[in-house]
Amino acid sequence: MHNGFIPGVPSMPPAGVTSHIQHQQHQAQMHLPTASASGGNQAQQPQQPPRYPQPSSGSGSPQSLGGYQQPQQGYSVPPPPAAGMGYQQPMQPQGYQGYQQPPPPGGQQQPQGPPPQGYPGYPQQQSSPPTQTQPPTYPVGNPAVAAVARGYTSSPAPPPGGPPIPTGTPIGARVPLPGSPAPPTGTNSPAPPNGTSASPAPGQQPAARRRLYPEQAAQAYTQPLAPPAQDGGYTPAAVPSYGAPQQQQAQQQQQQYQQQQLQQPQQQNLQVPQGTPSFSAQPSQASMASFDNQLPQPNTPMPLYPKATYGSTMSMVGSVEGIAQSFSHLGMNQPIMQPTTSQAISLVGMPPCPHEVHNPPPPIRLSPQAACTMSPYSNCSPTFQRCTMNVIPQTAALLAKSRVPLALYLAPYRDPEPGEPEIPVINTSTIVRCRRCRTYINPYVQFLDRGQRWKCNMCYFPNDVPDAFDFDAASQSYIDRWQRPELNHAVVEFIAPTEYMLRPPQPPVFLFVIDVSYAAVQTGMVHTVVQVIKDSLDTLPNADKRTRVGLITVDSSLHFYALSATNPEPQMLVVSDLEEVFLPLPDDLLVNLSECKEALLTLLDRLPGLHQSTQDPSNALGAALDAAQQLVSPYGGKIVVCQSTIPNVQKGALKPRDEKPGKLDSAVLQSANPFYKTYAVDCSRAHVSVDMFLFPQGNVDVATLAAAPRFTGGNVYMYPGFHASRAPDVDKVRNELAHVLSRPLALETVLRVRASKGLRMSAYHGNFFVRSTDLLALPNVNPDNTYAVEVAIDENIQSSVACFQTALLHTTAFGERRIRVITMALPVTSELRDVMHSVDTGAVINVLARKAIERVLEAKFEDARDAIINKIVDVLGTYKTTLGANAHAAAAQLMAPENLKLLPLLALGLSKHPALRCHAGIPADLRAYYMEYLRVATVEGTLLGAHPTFYPLHRILTEAPDVGTVVDGAVLMPPYPLPITSERLERNGMYLMYDGVGMYLWVSRACDPALIQCVLGASSYEALQAGALVLPSTGHVYNERVANIVGKLRQRATKISSLYPTLFLVKEDGDPGLRMWSLGLLVEDRHEYGMSYPQLLTTLREKVSAFSG
């Protein structure tokens, strides 16, 4: 039984959907500007006319589109998030209430034409959509905030005239800048050793030199050294209070450093440029400010991928000998993790901030001296590779105690985001790799023996540096080693030599297998797919004119089509013997696209008519797949299946699932026929991938068919109830299929992940076939493919830095064999607190979602949901133990670090995702599709599914005049989504809800008719028709702005997941199925299949209080 809104009562949520804000009225305070009784802000602001004409009469209230007035209960307006990617945000830091209504437009814009219609031959039908409304399936990345990795940068220099910097600072001690807060007392606060003063004693000279950081190490070779102090020593000063052994070690290092400085002028023949300043016994404030400006200060994050030109970070000066010796001063064996500053916060009474869901992961607190070149690009962007924790536990016991899964999220073939550098392509005769573990040279190796050898950062094996590493064969000249891309960039591509090839690079191959049974023809699927293929021929990867294309149609028989460059007339060959499928004229069935394009166009024009009168309801998909494999196996490539009918003939035949109404059974999600998995394994060996586009009119057993894409690195796309007469259906297919055919493609791909000594890859999640324990066979890889790898700690990590390196060996679409190498370095710790404050919530939710899908297939839905909630209890309970004496108070208040404050909410939303939702009303095919989507979703897609985006369009349009407009080619998106709860649904509102798979335009019954007219082109609420919608062009500025917002969301969705979201119009009292589906996106509310967010916090507090570790 469905529960819904009580019509006309705006303050009450739908039955069965209880808002949690009712429980937090005394905590939630609004930060809205208020006007005083004696002429406040409202009296000073002139009233401006609305952007749309107000009706003379109607059901809409005249004040329905007034100022952005928050409800009396609700959350405070959060601070503005970081700028997102791909668009600019309005410069209003306090939400929508600060915006003024725009002046009336000078004129109405002319409509841009009628909305897209279905393809010719399929007139618009008035028939209602299928009885059971099934939402579309297409995830979209969140354009609100994009993840940007952060590290450390130097602090600004002290202002002129500020207090002098204390002299006599020991090696390793940080000098606070003027105006900076005093360091907190504790283990990390500097304190003078043995009670000595931090200031020099009378008559003593200050330190002549300080500890050199990598950038200063390069500059030190061009600077003369000051003579030593007369008294021959440093004055004892503040030493970080890490303990007595650490203090003694710092003092010893200080003395050694002084002796080296005394001997260095006689040992090295340095070339000092004229005019180089020297360090004096009493340095000036200006010189010391410049010096300290280069020192990494604590708690000063630096983006790992800032906008900088290549080679602008530093220029290595001096010989290789001098640089190699300089590393002895850097303390490479010392802990180099920056201190943690995150504070614990209480989750009880603190409403979540929706705009923080897509915040960047915690910064990688790794000192710049960990890399051999201090390049800002030495660590990879989290969009390529990210870890569930940005500090690696030193031991397996510490990892087990943290209760956080240690895993990597990989997107190895994605394109750089705006602001990230282009991936360097290295064409060299010698690819430098470790002789023991085969790791590629990267920014985190160490050079030994005056640069003659390098030590691997994975296995610590010393390797010889090839002579060709410092020589450019193209220019026949020596090059600067420190400018090589391998040592400055964490993501590089090598052009592979012949020893990396088992055979010559093969051409891209696309073989289409199209269902031409009765249902496929009558719904217009054949006509639509053929038209999209025809339109996409010019965008297929065909840079070197080698791409091959073929076509097979199937009903109860197989139809092959022979094409020839000399004969433009195609020939159809029918094979009815399905027991032993053979290929007639095999040389003419898979042809060169450039040579046979005219014949192929002729075939595509005639194909729908060839099967227009068919009455055959059968389908032999299994036999068609066998024939396709025989054609493609000699080359490798991609098989694109377009299927409308359940396979019911010969091998691979299936029967509709027997779904019992009202009963939730995971057995219907198990594979019913082993043929498709066996077939997929055979395809994987031949480098053949399968993509499936499903157009079901009933049950087609998606759970079984999905095995073919799953084990070949492909994807599943589904269009329930498709009909070519509906423009939204055609629009979705056209955009998704065209994008899949035109996106970059890596062929004959294998992937391997290496890690530092002591770490081991233990499990893999995604669509692939595991060829060996650490090698993934990926026939095809595209920018949308993502994977997750669980990591185990087999032995204690001895190094202070742990590294992960992903190598993707592939063939490009233009026939070049390449190796993409992605390197990531993370600090190692023995402290549980550091681990907990470095957890990446987005990566954890992505990994938990993938593991939950596998658990559903092995056990029950309840087990998968309970495992997610229990994991949150374990994590918060573990963090409670790190608070020591405050643990009891932490349990009562449910404390969590800043980076984990949204973890309970996201876990709750994940447990309510359609793939895991304990609700028997979701069809098995639709649930199976959502499970396949979560299995390969990006972090953005997973977060959107766990916490959908919720925009109040009626307030944005009237109070934020810049949002939705285009400025400098970028759409300004709403910066602050609403909390995803029914409490924010107003009686006169219009909202846009977006979960990464669908977009839902909610229109309340009392919505102003003028707003409906401007945005949707309907005269009243009653004139609206619920269902899939192509947004009409009304010529009004409001309509244009909404179209821009929807278009930007779709653009981001296509980029990260190849999906094109359909827009659904939801009326408050409209179609019950669509209405309840959209209300199910309000994950903070209570539903019949899940508790509310306040109820979850209460449950967590009880369990965390009883947690004993």
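Student: Buried means under 20% relative accessible area, exposed over 50%, partly exposed in between (1.4 Å probe, protein chains only). Are Tyr764 and Phe768 buried or exposed?

Tutor: Both are buried. Ground rules before we go on. This is a predicted model: local features need pLDDT of at least 70, side-chain atom pairs count only at pLDDT 80 or more, and totals for chains, interfaces and linings use all residues. Residues are numbered from 1 along each chain as its sequence is written, and side-chain values use heavy atoms, with hydrogens and water left out.

Student: Fine. How many aromatic pairs are there?

Tutor: The count is 14 aromatic pairs. Rings of Phe, Tyr and Trp (its six-membered ring) pair if their centres lie within 6.5 Å. Planes under 30 degrees apart are stacked, over 60 edge-to-face, the rest tilted. One of the pairs is Phe695 with Tyr719, stacked, with 4.9 Å between centres and 25 degrees between planes.

Student: Where do Phe695 and Tyr719 sit in the chain?

Tutor: In distant parts, 24 residues apart. Phe695 is in the loop between strand 20 (688-694) and helix 13 (702-705). Tyr719 is in the loop between strand 21 (716-718) and helix 15 (727-742). Helices (H or I, at least four residues) and strands (E, at least two) are DSSP runs, numbered from the N terminus.

Student: Why does Phe695 count as buried?

Tutor: Because its relative accessibility is 1%. Tyr719 is buried too, at 4%.

Student: Back to Tyr764 and Phe768. What geometry do they have?

Tutor: Edge-to-face, at 6.3 Å centre to centre and 85 degrees between the planes. Elsewhere, Phe675, Tyr676 and Tyr679 form one aromatic cluster.

Student: How many bridges join strand 4 to strand 6?

Tutor: Three, and the two strands run antiparallel. Strand 6 covers residues 407-410. There, Leu410 stands opposite Gln385.

Methods:
Two strands pair if DSSP finds at least two bridges between them.
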